[in-house]
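Please look over the structure below with the notes that follow.

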Amino acid sequence: MRAFCCVVSIVVHGFWGSVPPLSRLQLAEARRVRAAELFGQGRSNAEVAGTVGVHAESVRRWRRAWESGGAETTRRRSASGRPPEVGDAPVEEVRAALERGAQAHGFEAGLWTLERVGAVVERVTGCPSRGPRCGDC
């Protein structure tokens, strides 16, 4: 726990040094853990919000959870609901394909639209895109 708290402090306060960058989800968890440490020190919601760089309403929500369940409530929980249909590898392939730009995929303009993204996703994964709700590819 202590080592994780040190990493959290480094990340939240911006002293990266040789620590590898965290994902968006890891950074969000780090902010919540740091907030819990500050709650334990008796800091106000405004102080905590300013220190970790989030909106005061988020801090109020975290404090209510912390007061009812302790520091464990600040940890990231696994996603509920249906598991994703596509694994991590195809997602990375799609990300790389999209980063090459729309024109690299034969589109005249360099702008991405929902339809164009869907076409690239289908090309890369073989999963037919049916708009925002893919369903059972």
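1. Trp-66 has a relative accessibility of 23%, so this residue counts as partly exposed; the buried class ends under 20%. The model is a predicted one, and the values here are computed from it.

2. The ring of Trp-66 pairs with that of Phe-39, the centres being 5.3 Å apart. The planes stand at 50°, and the pair is therefore tilted, since edge-to-face would need an angle over 60 degrees. Phe-39 belongs to helix α2 (residues 24-40) and Trp-66 to helix α4 (residues 56-69).

3. Is Phe-39 buried or exposed? Its relative accessibility is 3%, so Phe-39 counts as buried.

4. The structure holds 2 aromatic pairs. Besides the pair already described, Phe-107 and Trp-112 form one with 6.3 Å from centre to centre and 70° between the planes, an edge-to-face arrangement. Phe-107 is at 18% relative accessibility and so counts as buried. Trp-112 has a relative accessible area of 32% and is therefore partly exposed.

5. Phe-39 also takes part in helix packing: along with Arg-31, Arg-34, Ala-35 and Leu-38 of α2, it meets Asn-45, Val-48, Thr-51 and Val-52 of α3. By class, this contact of α2 with α3 is made up of 5 nonpolar, 2 polar and 2 charged residues.

6. How do α2 and α3 pack, in terms of the angle and the distance of their axes? The angle is about 145° and the axes are 10 Å apart. The crossing of α2 past α3 is right-handed.

7. Helix α3 (residues 45-52) packs on α4 as well, at an angle of about 115° and with 9 Å between the axes. The two helices are therefore roughly perpendicular to each other, a class that runs from 65 to 115 degrees. α3 and α4 cross in a right-handed sense.

8. Which residues make the contact between α3 and α4? From α3 come Asn-45, Val-48, Ala-49 and Val-52, and from α4 come Ala-56, Val-59, Arg-60, Trp-62 and Arg-63. The contact divides into 6 nonpolar, 1 polar and 2 charged residues.

Technical notes: Residues are numbered from 1 along each chain as its sequence is written. This is a predicted model: local features need pLDDT of at least 70, side-chain atom pairs count only at pLDDT 80 or more; totals for chains, interfaces and linings use all residues. Side-chain values use heavy atoms; hydrogens and water are left out. Rings of Phe, Tyr and Trp (its six-membered ring) pair if their centres lie within 6.5 Å; planes under 30 degrees apart count as stacked, over 60 as edge-to-face and the rest as tilted. Helices (H or I, at least four residues) and strands (E, at least two) are DSSP runs, numbered from the N terminus. Buried means under 20% relative accessible area, exposed over 50%, partly exposed in between (1.4 Å probe, protein chains only). Axes are lines fitted to C-alpha atoms, for helices over the stretch in contact, and angles run from 0 to 180 degrees between N-to-C directions. Angles under 35 degrees count as roughly parallel, over 145 as roughly antiparallel, 65 to 115 as roughly perpendicular and the rest as oblique. A crossing is left-handed if the near helix is turned anticlockwise from the far one by less than a right angle, and right-handed if clockwise. Contact means heavy atoms within 4.5 Å. Ala, Val, Leu, Ile, Met, Phe, Trp, Tyr, Cys and Pro count as nonpolar, Asp, Glu, Lys and Arg as charged, and the others, Gly among them, as polar.
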